[in-house]
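Biologist: Could you take me through one part of this model closely, going residue by residue where that helps? I would like to hear about the charged side chains and what surrounds them.

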Amino acid sequence: IAGDALPSGRLLGIVTVTGKYAPYNNAANDGSEVAAGILYAPLAESDADRDAVAIVRLAEVRTDDLVGLDVAAWADLEARNIILR
């Protein structure tokens with residue numbers, strides 16, 4: 001993920017063309033409009049792709065810790081067996 005600094009708990013989507021994670025954006029139409037994971041640790045701003053750890057399945061997460069959560073993302077994450085509390 002290249003770009004702005006991202007806090008831990010930021011929802012992520014996967015850009016269809018590149019297969020890379022990007023910040024979740026429900027208004028997008030590039031694949032990142034589907035929540036596919038949650039950033040585990042913060043990332044500093046960078047012009048280059050950064051390695052990151054993300055929660056992508058089989059987890060239970062507090063909604064208070066999430067950034068960018070909306071109703072559509074909630075359903076997307078539950079489909080990946082990420083339980084939101």
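Modeller: Let's begin with R50, which sits in the loop between β3 and β4; strands here are DSSP runs of E with at least two residues, and helices are runs of H or I with at least four, numbered from the N terminus. This is a predicted model, in which local features need pLDDT of at least 70 and side-chain atom pairs count only at pLDDT 80 or more, while totals for chains, interfaces and linings use all residues. Residues are numbered from 1 along each chain as its sequence is written, and side-chain values use heavy atoms, with hydrogens and water left out.

R50 is buried but has no salt bridge. Buried means under 20% relative accessible area, exposed over 50%, and partly exposed in between, using a 1.4 Å probe and protein chains only. A salt bridge needs a side-chain nitrogen of Lys or Arg within 4 Å of a carboxyl oxygen of Asp or Glu. For R50, the nearest side chain of opposite charge is D49, 7.0 Å away; Lys and Arg count as positive, Asp and Glu as negative, and His and the chain ends are not counted. Instead, the R50 side chain reaches the backbone oxygen of A44 at 2.2 Å. Leaving aside residues up to four places away in sequence, R50 touches I1, A2, G3, D4, A5, L6, L43, A44 and E45, where contact means heavy atoms within 4.5 Å.

And D49? Its side chain meets that of K20 in a salt bridge, 2.4 Å from N to O. K20 is partly exposed at 42% relative accessible area, and D49 is partly exposed at 46%.

By this rule the count comes to 3 salt bridges. Another joins R85 and E60 at 2.9 Å, N to O. R85 lies in the segment after β6 (82–84) and E60 in strand β5 (residues 59–61), so the pair ties together parts 25 residues apart in sequence. Both R85 and E60 are exposed. D65 and R62 also meet in a salt bridge, at 3.1 Å from N to O; D65 is partly exposed at 41% relative accessibility, and R62 is partly exposed at 49%.

Key: Polar contact = N/O pair within 3.5 Å; in protein donor to acceptor, adjacent residues only side chain to side chain.
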